[in-house]
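Have the structure open and follow along.

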There are 2 protein chains.
Amino acid sequence: MDAKTLNRLQAHAQILKALAHPTRLFIVEELAHGERCVCALRERIGADMSTVSKHLALLKSAGLVDDEKRGSQVFYRLRLCCVSGFLDCAETVARENVTRQLEMAR
Amino acid sequence: MDAKTLNRLQAHAQILKALAHPTRLFIVEELAHGERCVCALRERIGADMSTVSKHLALLKSAGLVDDEKRGSQVFYRLRLCCVSGFLDCAETVARENVTRQLEMAR
DNA sequence: CCCTCAATTGGCAATATGGCCAAATCGCCA
DNA sequence: TGGCGATTTGGCCATATTGCCAATTGAGGG
């Protein structure tokens with residue numbers, strides 16, 4: 001695998017890794033409905049504020065979200081047009097997996 | 001976040017995590033061209049056979065690939081129709097990120 | 001049967017990730 | 001300016017991931 005390919009794949013992997021966590025997927029789905037402040041996300045997720053903040057920082061560093069400070073609150077929004085395609089595909093695969101596991105058990 | 005949502009998101013996260021590694025992305029791209037035996041993948045990747053094998057096992061457990069033993073070789077193929085959509089989206093985001101980083105540097 | 005090649009598995013060490021607490025920042029308002 | 005609420009950051013520990021080596025399994029060919 002040459003260096004250029006590796007670079008490209010590493011960049012892609014970083015983006016996928018950023019999405020590859022239940023809490024961060026939840027955040028992305030939530031933001032798909034519109035911008036949210038950290039405190040609103042924290043409330044829905046039910047984890048420590050610092051934990052949520054770190055997940056958001058990770059999403060931001062992967063370029064998936066933008067933040068904007070307004071007053072004492074910080075609002076996050078999706079930077080991504082095609083995320084829903086991602087998630088639909090994951091949903092499809094997940095469904096197939098369930099079906100397959102049922103077949104296995106038979 | 002209720003238990004049902006968490007289950008769904010965990011399943012999705014597992015799929016994304018399986019894709020979130022340069023070597024595994026490489027494998028997926030390679031398999032998008034057709035089935036390959038482990039030794040062919042190993043050669044192109046340039047890592048230890050056992051390493052490649054473990055990546056393949058992970059992809060399989062996530063339901064992204066199927067394997068079939070023929071003689072002494074094992075052939076893997078993609079189980080996924082929509083993977084190319086995934087990768088195109090990642091590509092788009094990656095490109096945007098590069099653009100943005102250039103702007104930042106300005 | 002024995003040897004070899006293909007692949008998987010187990011084990012281990014290095015590194016990365018996730019989540020909580022505590023401390024530091026930042027805006028705002030009295 | 002002092003204090004408060006919102007958020008981020010640093011530190012720490014538990015756990016997960018990665019990649020190599022060594023050992024094991026499996027199929028075929030002398």
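Which residue in S3(A) is the bridge partner of A:Arg36? It's A:Tyr76. Keep in mind that this is a predicted model.

That pair belongs to a set of strands in chain A. Strand S1 (residues 36–37) runs antiparallel to strand S3 (residues 73–78), and two bridges join them.

| Strands of chain A | Sense | Bridges |
|---|---|---|
| S1 and S3 | antiparallel | two bridges |
| S2 and S3 | antiparallel | six bridges |

Now for the helix at residues 3–19, H1(A). At 1.5 Å a residue, its 17 residues should span 24 Å, and the end C-alpha atoms are 25 Å apart, so the two agree. Its buried residues are A:Leu9, A:His12, A:Ala13, A:Ile15, A:Leu16, A:Ala18 and A:Leu19. What do they pack against? In chain A it's H2 (22–32), H4 (49–61) and H5 (83–105), and in chain B it's H1 (3–19), H2 (22–32) and H5 (83–105).

That brings us to the contact between the chains, which takes 34 residues from chain A and 34 residues from chain B. On the chain B side, H1, H2, H3 (38–45) and H5 each supply at least two residues. H5(B) gives the largest share, twelve residues. By class, this side of chain B has 21 nonpolar, eight polar and five charged residues.

Technical notes. Residues numbered from 1 in each chain as written. Chains lettered and ligands numbered in written order. Predicted model: local features only at pLDDT ≥ 70, side-chain atom pairs only at ≥ 80, totals over all residues. Helix = DSSP H or I, 4+ residues; strand = E, 2+ residues; numbered from the N terminus. Expected span 1.5 Å × (residues − 1). Buried ≥ 20, exposed ≤ 12 C-beta atoms within 10 Å, placed from the backbone. Contact = placed C-beta atoms within 7 Å. Nonpolar A, V, L, I, M, F, W, Y, C, P; charged D, E, K, R; others polar. Pairing = 2+ DSSP bridges.
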